[in-house]
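Please keep the 3D view open as you read.

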Amino acid sequence: MALIDWDERFCVGIASVDYEHREMIRLINDLHEHFGGSDSVIEFLGEIYTRISAHFALEEKVMRERQYDQYADHKADHERLLDEIRDIMDDVEDRGSYQESVLADRLRSWFGDHFRTRDARLHRFLEGAGHG
Amino acid sequence: MLKIIQSAGQTVFSRLDRLFSVVFGDRANPLYHLGALGFYFFWIVAVSGIYLYIFFETSTVAAYRSIEHLTHDQWWLGGVMRSLHRYGSDAMVVVMFTHMTREFLFDRMRGPRWYSWFTGVPLLAFVYASGINGYWLVWDRLAQYIAVTTAEWLDWLPFFTEPIARNFLNEAAVSDRFFSLLSFLHIGIPLFLLLAMWIHIQRIAHARTNPPRLLAVGTLAALLVLALAFPALSQGPAKLDTVVARVGLDWFYLPLYPLIDRWGSGTVWALVGGSGLLLMVLPWLPYRKRDPVAVVSLPNCNGCGWCFADCPYSAVTLAPRSDGLPFEQEAVVNPELCIACGICVGSCPTATPFRRLTDLTPGIDLPDRNIRELRARTVAACAGLEGPARVLVYGCRHSAHADQLIEPGVTVLTVPCLAALPPSFIDFVIMRRQADGVLLAGCNRGNCHYRLGTDWTAQRLAGERDPRLRERVPRNRIEIFHGGRGWPDSLPEVLTRFRARLASLAPLNEKPPHPAAKTPEQQHGAD
């Protein structure tokens, strides 16, 4: 079962950003399917951390280029999310184990909340500005 | 031989840097802003020159008189402007040569940096042509001497059918039209100078053409004091029927004139031509093999532009996507401009040591000192660390001698530049407890070998520039050392203090605490 289902509402209307959103969700779902030994989970989390860092960098560039009015707030949320995934990574690595349901919940809320609120707001802005 | 000169010169400059930093502070240290000061003096000379031009009369008789009037009757403004014009020009010569000497001694003219060096050489000629041309306009005894000697010097060249020197045999030969030509040249040559200055900085990203405000204000104040204490004066009206026997020289602009008298025009032409030529080819003497330039890995590049923003040499640009992936842009390295400092690698969000699932190939990397290897070196170096207060030192290869730090519990890795180290490596080392602290040993602040490396590093660590060091990494486990030879704190002392501090810290929890700013739901999830 997928941890996060792709939803058309996740689209912000920019091809590159949407492509990376899909890739991100695919990666998180892949990780979910590979739940098992903590080593493989740590590897997956490392990959997610890398990809999400690059993705946020790109999304921030798009926001700056389109002069997004809530750039600072959105960017701060990105920074918070990056700190948080590092927390999750260190937690798993330090404990050497994890509870599947807890990690699944953490990942879902980690990624999903930002999608539902910040990215949705960005989508509305871009559409309103005629970039949709 | 060259290396010995450069090494000795670097020591001298490092000591001067330190001295000036004590006097002016790090930020306003004039030795860190020589190029910007050159621009600043240009503008001072331009503005004061425009003022002088308003009152200047372009005729043989009136030129001298009009300047005398400004100097004496309107000493409080016209006189000050004249002095600013004079001393600003002198200061420009000083900063220009100091700038050139400094870049030479620190060997910052090789590889793609040849461009700034090479385009800097003609600036010398433009500045001198402007300055010497300006001295003619005053039409005093000095001007007469310069006019005659310059004419004789130019006459040596086979271009002129009739000797120009003949023009200065008597008053009648110097026409008012000639003065119009001179003042026209005195506007034209500086305009070409400005154009050449603009060309000079074309390959420098974030070129600093304005000194910091404190330095700018202080410099202007110093020039004003000089202008009031020692106003620039004329040396009696020119009289072409008499030969100038004694005259006070401006040694910044006219050091060659006594040589023309003594050695003759041909020798001085050989000297000027030879030195100019030598300066121009200096970046290739001796020929050295270049470091391999940065390469982009498209599967790992989404065109976020961080490397583009951080490259100090405009070597990275963003181009339309070429591999069919749905991104708008991709990073492209211009090998002609890349000097392999690695700052782009330090800025790449995919250059993180936490990456293990896929091959650690970042979006941009140096082929001979890649990130995968840096991770391996980091892990290996830390594995051998024992005891309390274990420290990993990342030393910039151009800074003070990090390799002198040989003691148990300390290991040193060299990076091309501190900014070539992705901040996530610091997170990795400290939070994964590979070492208890990270010491970054870089160039002097303001004298970064790659211009912007120390600035970018400081801003990334302070969370002001991407990629930021994660906030969760305790900053008291990081120490930055800026310094070279002659700096008050030596690296070993800084290391000792740092280790004492690390020893006093409570150990990082086996399980790091979570940040306070979490929603209750997440908090619950974490438990």
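The points below go through the chains, the domains, a helix pair and a sheet.

1. A word before you start: this is a predicted model. Please read each of the points that follow with that in mind.

2. Let's begin where the two chains meet. Chain A brings 30 residues to the contact and chain B brings 33 residues. On the chain A side, four helices each supply at least two residues: α1 (15-33), α2 (38-65), α3 (71-95) and α4 (100-128). Sorted by class, that side of chain A has 15 charged, ten nonpolar and five polar residues.

3. Now turn to chain B, which is divided into domain 1 (33-284) and domain 2 (295-504). Their C-alpha centres lie 45 Å apart. Where the two domains of chain B touch, eight residues of domain 1 are in contact with ten residues of domain 2. The domain 1 side of this contact has four nonpolar, two polar and two charged residues.

4. A helix pair in chain B is worth a look. How do α4 (residues 75-105) and α5 (residues 114-138) of chain B cross? Their axes come within 11 Å, at an angle of roughly 160 degrees. Angles over 145 degrees count as roughly antiparallel, and α4(B) and α5(B) are therefore roughly antiparallel to each other. Their crossing is left-handed. Among the residues that make the contact are B:M92, B:V93 and B:M96 of α4(B), together with B:L123, B:L124 and B:V127 of α5(B). By class, this contact has eight nonpolar, three polar and one charged residues.

5. Next comes an open sheet in chain B, built from four strands in the order β6-β5-β7-β8 with parallel pairing. Why do β6 (410-415) and β8 (478-482) of chain B each have one side without a neighbour in the sheet? Both stand at the edges and have a single partner strand, so one side of each is left open in this way. From one strand to the next, the twist averages 20 degrees.

6. To see the pairing in detail, follow β5 (residues 391-396) of chain B alongside β6(B): they pair in the parallel sense over six bridges. Here B:C396 stands opposite B:V415 in β6(B). Helix α13 (residues 371-383) of chain B packs on the sheet and touches β5 and β6 of chain B. The direction of α13 makes about 165 degrees with that of β6(B).

7. Finally, find helix α16 (residues 491-504) of chain B. This helix lies across β5, β6, β7 (437-442) and β8 of chain B, and α16 runs at about 160 degrees to β7(B).

Key:
Residues numbered from 1 in each chain as written. Chains lettered and ligands numbered in written order. Predicted model: local features only at pLDDT ≥ 70, side-chain atom pairs only at ≥ 80, totals over all residues. Pairing = 2+ DSSP bridges. Axes fitted to C-alpha atoms, helices over the stretch in contact; angles between N-to-C directions. Contact = placed C-beta atoms within 7 Å. Domains from an automatic or database assignment. Nonpolar A, V, L, I, M, F, W, Y, C, P; charged D, E, K, R; others polar. Parallel < 35°, antiparallel > 145°, perpendicular 65-115°, else oblique. Left-handed = near helix turned anticlockwise from the far one by under 90°.
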